[in-house]
Amino acid sequence: MDEVIERENELLDKVNVKLETLQQNLFDKRNRIRLRLKNYANILGGFAFSSKSFTNQGTPVVKIKNIVKGEIVVNDDSNYIKAETLKNVEKYLLSQHDILIAMTGATLGKIGVVQKEFDGSYLNQRVGKLELKKEIDRSFLKGILDSKYFLNELNKYIGEGAQGNISSDDISKTLVPKLSNIEMKEVGIKFQVLYDSIKDIKSKISSSKALQKSLINQIF
C-alpha cells in the first residue's frame with residue numbers, strides 16, 4: 001500500500017506539473033499578447049451583511065474562509081442568513097459553476113468554484129464573483145486565474161496593509177493572455193481534463209490511505 005500511494009502521489013505531481021506548464025506558456029509574454037481581465041469578465045464584490053444577521057440555519061453565505069482548495073466549504077453554524085429578512089440583494093445570489101475570488105487577507109487571490117449544493121447562496125463582502133462576458137470559456141478562465149502567474153499580476157495592485165486588499169476595479173485591470181474564442185475553448189478543454197485528473201487521483205489517494213489504515217488496524 002505504501003508503494004501504491006507513492007505511485008499515485010508521483011502521478012499527481014506529474015499532472016500538476018502539466019497544469020502549471022500550460023499556465024506558464026499562456027502567461028509567457030513571448031508567446032501571447034495580453035489584455036485586461038475586464039475584457040473577459042466583470043467583477044462583482046459581495047454584500048456587507050451585518051454580523052448580527054447571521055444565524056445557524058437558512059441560506060448559506062460564502063465568505064473568504066469558505067473558499068477551500070478550489071471549492072466552497074460551509075461548516076460553520078454562523079454562516080447562514082434568513083433570506084426572507086433581506087431586501088435588494090438578488091444580484092448577490094450565487095449559481096453553480098460561478099468563479100469566486102478572495103479580495104483580502106493572507107489568501108488574497110485564491111479561486112473557488114461554486115458547487116451544485118451552494119446554488120442560491122449569497123456572496124459576502126470581500127469575495128468577488130466573475131461575471132463572464134458572452135462566449136468566454138469558463139474552464140479557460142478558471143485555469144488562468146488559478147495560477148501563480150495570475151497572482152503575480154494581482155500583486156501589482158494589492159494595497160498596503162497587514163492583510164492586503166484589492167478592489168474589483170484593480171482585479172479587472174490585471175493582464176491575462178489574449179486568446180480567440182476558438183483557442184479559449186481548446187485550452188479550456190485541456191484545463192478541464194487536467195483538473196478532472198487531479199480530482200480523480202486525489203480521490204484514489206484518499207481511498208488507498210483509508211484501505212491502508214483499515215489493513216493496519218486488522219493486523220495490529
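Predicted model: local features only at pLDDT ≥ 70, side-chain atom pairs only at ≥ 80, totals over all residues.
The protein chain has 220 residues, with five helices and twelve strands.

**Overall build**

- Burial comes out at 43% of the residues.
- The accessible surface is about 12,800 Å², and carbon and sulfur atoms account for 48% of that.
- Take the contacts between residues at least 6 apart in sequence: 79% of them link residues at least 24 apart.

**Nonpolar cores**

- The largest nonpolar core holds 38 residues, and Leu37, Tyr40, Leu130, Leu141, Ile144 and Leu145 have the most contacts inside it.
- Elements giving two or more residues to this core are H1, strand S2 (41-45), strand S8 (99-102), S9, H2, H3 and H5.
- Leaving aside residues up to four places away in sequence, Leu37 touches Ile43, Leu130, Leu141, Leu145, Phe150, Ile171, Ser172, Thr174 and Val176.
- Another core, of 22 residues, lies apart from the largest one; Phe49, Ile72, Leu86 and Phe118 are among its members.

**The largest pocket**

- Its volume is about 1,000 Å³.
- There are 33 lining residues, and Lys69, Gly70, Lys142, Asp146 and Tyr195 sit closest to the pocket centre.
- Two or more lining residues come from each of helix H1 (2-27), strand S9 (111-113), helix H2 (138-145), helix H3 (148-154) and helix H5 (181-219).
- The lining splits into eleven nonpolar, eleven polar and eleven charged residues.

- As background, most residues other than glycine have a negative phi.
- Lys69, one of the residues closest to the pocket centre, has a positive phi near 50°.
- Lys69 lies in the loop between strand S5 (67-68) and strand S6 (71-72), and its relative accessible area is 81%, so Lys69 counts as exposed.
- His97 is not a glycine either, yet its phi is positive at about 80°.
- The loop between strand S7 (80-81) and S8 is where His97 lies, and His97 counts as partly exposed because its relative accessibility is 42%.

Methods:
Residues numbered from 1 in each chain as written. Heavy atoms only, no water. 1 Å grid on protein atoms, 1.4 Å probe; cavity = no way out; pocket = protein on both sides within 12 Å on 5 of 7 lines; lining within 4 Å. Points joined across faces, edges and corners; volume = space filled by probe spheres on them. Helix = DSSP H or I, 4+ residues; strand = E, 2+ residues; numbered from the N terminus. Nonpolar A, V, L, I, M, F, W, Y, C, P; charged D, E, K, R; others polar. Buried < 20%, exposed > 50% of the residue type's maximum accessible area, 1.4 Å probe, protein only. Contact = heavy atoms within 4.5 Å. Areas by Shrake-Rupley, 256 points an atom, 1.4 Å probe, with all protein chains shown as cover. Core = buried A, V, L, I, M, F, W, Y, C linked by side-chain atoms within 4.5 Å.
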